[in-house]
Amino acid sequence: MSYAIIRNTKYKRENLKGIFRHNERKNKNYSNDNIDKEKSYLNYSIKQPRYSYEKEFDRIREEYNLKGQIKTVSNIACEYIITSDK
């Protein structure tokens, strides 16, 4: 029997720098032993960011003239990871 895992995580602005470095494999070392950097080329994003996640957020906010106050407790990004065993 095959299985899939779908994970959804919300992030605040303060998390974006670290998440970007992790997702784009910019870090040199990882505490998670399951990460095999030699297989990173198999990862893909539905939409590649042009800049860091923080800069992308600011660019989109300005481009679409989005209004509203963002507090330090505000979630500003969601991440979905979908995996399968096959």
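1. Glu56 and Arg59 sit together in helix H2, three residues apart, or about one turn of the helix. Helices here are DSSP runs of H or I with at least four residues, strands are runs of E with at least two, and both are numbered from the N terminus. The side chains of Glu56 and Arg59 meet in a salt bridge, with 3.0 Å from N to O. For a salt bridge, a side-chain nitrogen of Lys or Arg has to lie within 4 Å of a carboxyl oxygen of Asp or Glu.

2. Before you go further, a word on the source: this is a predicted model, in which local features need pLDDT of at least 70 and side-chain atom pairs count only at pLDDT 80 or more, while totals for chains, interfaces and linings use all residues. Residues are numbered from 1 along each chain as its sequence is written, and side-chain values use heavy atoms, with hydrogens and water left out.

3. Arg59 has another partner in Glu63, and here the closest N and O atoms are 2.6 Å apart. Glu63 and Arg59 are four residues apart in helix H2, so about one helical turn separates them. Glu63, at 47%, counts as partly exposed. The cut-offs are under 20% relative accessible area for buried, over 50% for exposed, and partly exposed in between, using a 1.4 Å probe and protein chains only.

4. How many salt bridges does the structure hold? There are four. One of them joins Arg7 and Glu79, whose closest N and O atoms are 3.1 Å apart. This pair links distant parts of the chain, with Arg7 in strand S1 (residues 4–12) and Glu79 in strand S2 (residues 75–84), 72 residues apart. Arg7 is partly exposed, with a relative accessible area of 40%, whereas Glu79 is buried at 12%.

5. A search of the whole structure finds one aromatic pair. The rings of Phe20 and Tyr53 have centres 5.0 Å apart and planes at 80 degrees, so the pair is edge-to-face. Rings of Phe, Tyr and Trp (its six-membered ring) pair if their centres lie within 6.5 Å; planes under 30 degrees apart count as stacked, over 60 as edge-to-face and the rest as tilted. Phe20 lies in helix H1 (residues 16–23) and Tyr53 in helix H2 (residues 53–63), so the pair ties together parts that are 33 residues apart in sequence. Phe20 is buried, with a relative accessible area of 16%.

6. Which residues make up the largest nonpolar core? It has five: Tyr11, Leu16, Ile19, Phe57 and Ile76. Such a core is a set of buried Ala, Val, Leu, Ile, Met, Phe, Trp, Tyr and Cys residues joined through side-chain atoms within 4.5 Å. Ile76 is in contact (heavy atoms within 4.5 Å) with Tyr11, Lys12, Arg13, Leu16, Phe57 and Ile70, once neighbours within four places in sequence are left aside.

7. On the surface, Ile6, Tyr80 and Ile82 form a nonpolar patch with about 400 Å² of accessible area together. Patches are made of residues with over 30% relative accessible area and no salt bridge; like charges are joined within 9 Å, and nonpolar side chains (Val, Leu, Ile, Met, Phe, Trp, Tyr) within 5 Å. The areas come from the Shrake-Rupley method with a 1.4 Å probe, and for residues only the protein chains shown count as cover. Ile6 belongs to strand S1 and counts as exposed at 62% relative accessibility; Ile82 belongs to strand S2 and counts as exposed at 64%. Not counting residues up to four places away in sequence, Ile6 touches Ile81 and Ile82. The C-alpha atoms of Ile6 and Ile19, 13 residues apart along the chain, are separated by 18 Å.

8. Finally, two backbone angles deserve a glance. Most residues other than glycine have a negative phi. Arg25, however, has a positive phi near 55 degrees; Arg25 lies in the loop between H1 and H2 and is partly exposed, with a relative accessible area of 24%. Asn65, also not a glycine, has a positive phi of about 50 degrees, and its place is in the loop between H2 and S2.
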